[in-house]
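User: I am new to reading protein models. Please take a close look at a single part and walk me through what surrounds it.

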Amino acid sequence: MSFEPPRGMDDLLPEEFAVKQRIVDVIREIYRLYGYEEVETPTLEYLELFEAKSGEEIRHRMFVFDDPHGRKLVLRPEVTASVARLVASKLSRRPLPLRLGYIADCYRYDEPQWGRRRRFWQGGLELFGSRDPMSDAEIILASRDVFQKLGLVEQRFKIGHVGVMRGIMENVEQKTQDTILSLLDRKMHTEARQLMEQHLEKDAVETLWRLAEHRGDIKVVEKARDIVSPWPMALQSLENLETIVSLIKNVDPHISIEVDLGFARGLEYYTGMIFEQKLEGEQLSFNGGGRYDGLVELFGGKPTPAVGCSIGITRIQMHLLGRKNISYTNPPTILLTVLSDKASAYALNVADNLRKNGYSVSVDVSRKKLGDAIETALNKGIRSLVIIGDKEAADGTVTLRDLTSRTQVTDSLEKVLSMLAK
RNA sequence: GCCGAGGUGGGGUAGCCUGGUAGCCCUCAGGGCUGUGGACCCUGCAGCGCGAGUUCGAAUCUCGCCCUCGGCCCCA
């Protein structure tokens, strides 16, 4: 008989948790540096929140179930909708712009695979209330910083703009636009082309088609300008994208950005710049986001422009764990070993005192022999051993052994503390 | 949902073709060793994913299922 967690949901062992925590710490540091306030929303939401903008078929990829009163609940598949709900309701009177962050576990009913778990963690930044390209640039620069601080120097961005393609399809029903973009995202080009031809003029189809060939550095925007010029909104979007990229490049000339005008992301709520962040040698994207100006209004709020991203904490964690050379575990700095029952009370007092002075102390409660205690400390990477036996208990002293220099002293706790401080 | 490879003490593995005693390494516990070094030696705990079938007998052969890892499909 064995008990396993549900399929696709992972236990995190100490080493794995330490890596995840480090990523979370870095994201929180970015919140601080950029002025984002962290919020928390429930793991469970009503189904309507996610159905509002997503289609019926999405239901099959979510954990949906009835509560005891028959209401449809869902384990959140992402957090942007919940945060937008907050901005539309409880935070609706806060002055804009509003910068919010979250660290949250999300759930998707999918076939588990590397980097795709049924339960995974996301960290997000959402900036509400600004249409300014500076805010788009901020999200990308903050994303860059997260990866940089984690030592993921091989990062690169792929950036597009849904306004370019939507601009060309301006006269087509929104829903059909969504379908075409989603087909393109899934690289089902034949089907996309078919649908385009049903709803669009020949030159529009041709232009959409040729946009996909426009990928590379920022110069592709210049090249695309001519072909989209008949569609004002598309042209405007192109210029918006150009501004965003040049703002970013101005701050960081060496940032790796691939502009892709044929790039579409699956989420239907995007209205402007969209991006993905990738790592060399990995297929999946580790962060994604974009501008979604209509979402807050959809949830009953005032029309509020917004841009944000969600960072795949679990994916980054798996990527980091795949590298052999990392270890983020923090052993306590001191092992305190007790050599006799009579010394127990005194030993606990010493440990208490050490902790009050800020040292992390692990008391060896297994009552090993001294040789074994030394071995334990060495195996755990602990370099300081405090030895408490009958002698120390009788004299009110402590013995501190430095396992690196292989030396030790027996003295009062005060003296030993001053030695530790060095 | 599809295809492939797998599942053997806590971790890593051998055994499977050719049915018959489950072996090894690490870890863990105890001892050798009454208060001083990463070693060594001894002892010990604990395992064939689940279920059915074939058989005198199944880790091994057959069928079904579950799960893990890849690759598709899909992807918020």
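Analyst: Start with two strands, E10 and E11: they run antiparallel and are joined by five bridges. Helices (H or I, at least four residues) and strands (E, at least two) are DSSP runs, numbered from the N terminus. Two strands count as paired if DSSP finds at least two bridges between them. In general, strands of a sheet pair through backbone hydrogen bonds, either parallel or antiparallel.

A word on the source. This is a predicted model, where local features need pLDDT of at least 70, side-chain atom pairs count only at pLDDT 80 or more, and totals for chains, interfaces and linings use all residues. Residues are numbered from 1 along each chain as its sequence is written, while chains are lettered from A and ligands numbered from 1 in the order in which they are written.

Back to the strands. One bridge sets glutamate 276 against glycine 288 in E11. E10 and E11 form a hairpin, with five residues between them. In that turn, glycine 281 has a positive phi of about 80°.

E11 also pairs with E12. Five bridges join E11 to E12, and the two run antiparallel. Here arginine 291 stands opposite valine 307 in E12.

How covered is E11? Six of its seven residues are buried, so E11 is mostly covered. A residue is buried if 20 or more other C-beta atoms lie within 10 Å of its own, exposed if 12 or fewer, and partly exposed in between; the C-beta atoms are placed from the backbone.

Now turn to helix H12, residues 313–322. Seven of its ten residues are buried, so H12 is largely enclosed by the rest of the structure. The buried ones are Ile313, Thr314, Arg315, Ile316, Gln317, Met318 and His319. What covers them? The cover includes strand E10 (273–279), strand E11 (285–291) and strand E12 (306–312). Helix H1 (14–34) and strand E6 (119–128) are also part of it.

Next, the largest nonpolar core. A nonpolar core is a set of buried Ala, Val, Leu, Ile, Met, Phe, Trp, Tyr and Cys residues joined through C-beta atoms within 7 Å. This one has 76 residues, and Ala84, Met165, Ile168 and Ala306 touch the most other members. Strand E5 (residues 98–107) gives the most to this core, with seven residues. Apart from it lies another core, of 20 residues, including Ala373 and Val416.

Follow alanine 84 for a moment. Leaving aside neighbours within four places in sequence, alanine 84 is in contact with Leu295, Val296, Phe299 and Ala306. Contact has a cut-off too: the C-beta atoms of the two residues, placed from the backbone, lie within 7 Å.

Finally, look at leucine 86. Leucine 86 lies in helix H3 (residues 80–88). Is leucine 86 buried or exposed? With 23 C-beta neighbours inside 10 Å, leucine 86 counts as buried. Not counting residues up to four places away in sequence, leucine 86 touches Val39, Thr41 and Leu91. Leucine 86 and glutamate 40 are 46 residues apart in sequence, yet 10.0 Å apart in space, C-alpha to C-alpha.

To recap the part we began with: E11 has five bridges to E10 and five to E12.
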